[in-house]
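Subject: Structure for your review

Dear colleague,

Please find below the structure that I am handing over to you.

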Amino acid sequence: MAEAKEFFAAAEKALEEVRKTQREPILEAAKMMGDCMLENGLVQLFGMGHGVAFSMELGYRAGGLMPFHQIKMEDLLLRGAVAPQDAAAPDFNDRTDLAQKLWDLYNIDDRDMFILISSAGNSGTIVEFAKMVKEKGRKLIAVVSKKEAAASVSHHPSGKNLVDFADLVLDNCAETPDTVITLDNGEKINQVSTITGNVIAQMLCAETYHYLTGLGHDCPVLLSANVEGADVHNRAISDQYLGRWNS
């Protein structure tokens with residue numbers, strides 16, 4: 001019988017794997033992010049599926065750093081780039097033409113770098129977007145489950161995966177499939193990739209802060225709206241990115 005403590009133990013195990021294996025990649029990623037921010041670049045975040053949670057963990061969040069922008073599939077629909085019936089199609093996330101449509105929605109600067117998040121890393125849209133990022137000469141970090149990415153069949157015409165275009169790969173250490181509790185009838189339930197992914201996101205934020213302050217730079221840290229004066233503080237550090245972070 002599944003119990004909460006079983007899931008907690010499974011999550012702890014996955015997080016320990018992240019701690020043991022991802023320290024050096026996270027430090028390398030934080031340096032890439034810090035260097036981007038020093039050039040007044042934004043870190044462009046694009047998560048598909050549950051990878052959206054990773055983007056939300058970093059994008060304009062109290063206690064986090066300012067220079068992030070979230071790329072969202074839903075914006076294609078909200079801004080009229082695709083029709084509602086198209087967005088409802090089962091193969092929507094595999095349309096390679098959506099990558100350019102997404103890019104064109106936003107004011108992406110030459111100084112920006114990218115973090116793309118997808119456990120499997122095999123959907124047509126995110127692979128095509130990664131391909132575009134590298135064709136434009138930008139830095140790209142992929143956040144995947146290495147096990148799931150290796151086991152997944154690409155839905156992109158090239159047969160490639162997100163990891164094939166990445167300058168650096170971070171592993172959320174989830175199994176494939178991402179189910180960690182076995183019921184009495186043999187069915188498997190509960191997932192850990194979002195938990196480990198969000199912890200990685202916060203580790204990236206902490207190490208980027210450490211990297212920047214270690215170089216003697218002030219960090220653009222956002223304050224909670226519940227803190228007096230937060231609106232003035234947040235506006236002061238976000239104004240230099242107007243039309244970019246909220247594009």
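In what follows, helices (H or I, at least four residues) and strands (E, at least two) are DSSP runs, numbered from the N terminus. Please note that this is a predicted model.

Overall form

The protein contains 10 helices and seven strands. Its radius of gyration is 19 Å, close to the 18 Å given by the globule rule for 247 residues, so the protein is as compact as a globular protein of that length. The C-alpha trace spans about 55 × 40 × 35 Å along the principal axes. Of the contacts with a separation of 6 or more, 78% are made by residues 24 or more positions apart.

Surface and charge

The accessible surface amounts to about 12,200 Å², and carbon and sulfur atoms account for 51% of it. Buried residues form 47% of the 247 residues. There are 23 positive and 35 negative charges, and their mean positions lie 4 Å apart.

In soluble globular proteins, nonpolar side chains tend to be buried together. Here, the largest nonpolar core has 29 residues, and those with the most contacts inside it are F46, M73, L76, L102, F114, L116 and F129. Two or more residues of this core come from each of α6 (97-105), β3 (113-117), α7 (124-135) and β4 (140-144). The largest share, six residues, is supplied by α7. Another core, of 27 residues, lies apart from it; V18, L58, M113 and I141 are among its members.

F129 deserves a separate entry. Not counting residues up to four places away in sequence, F129 touches F46, I71, A99, L102, W103, F114 and L116.

The loop residue F92

F92 is located in the loop between α5 (84-87) and α6. Is F92 buried or exposed? Its relative accessibility is 8%, and because buried means under 20% relative accessible area, F92 counts as buried. Which residues does F92 contact, leaving aside its neighbours within four places in sequence? They are M73, L76, V82, D86, A87, L98 and T125. Two of these, M73 and L76, are also listed among the residues with the most contacts inside the largest nonpolar core.

Yours sincerely,

A colleague

Technical notes: Residues are numbered from 1 along each chain as its sequence is written. This is a predicted model: local features need pLDDT of at least 70, side-chain atom pairs count only at pLDDT 80 or more; totals for chains, interfaces and linings use all residues. Side-chain values use heavy atoms; hydrogens and water are left out. The radius of gyration is taken over C-alpha atoms; the globule rule is 2.2 Å times the number of residues to the power 0.38. Buried means under 20% relative accessible area, exposed over 50%, partly exposed in between (1.4 Å probe, protein chains only). Contact means heavy atoms within 4.5 Å. Accessible areas come from the Shrake-Rupley method with a 1.4 Å probe; for residues, only the protein chains shown count as cover. Lys and Arg count as positive and Asp and Glu as negative; His and the chain ends are not counted. The place of a charge is taken as NZ of Lys, CZ of Arg, CG of Asp or CD of Glu. A nonpolar core is a set of buried Ala, Val, Leu, Ile, Met, Phe, Trp, Tyr and Cys residues joined through side-chain atoms within 4.5 Å.
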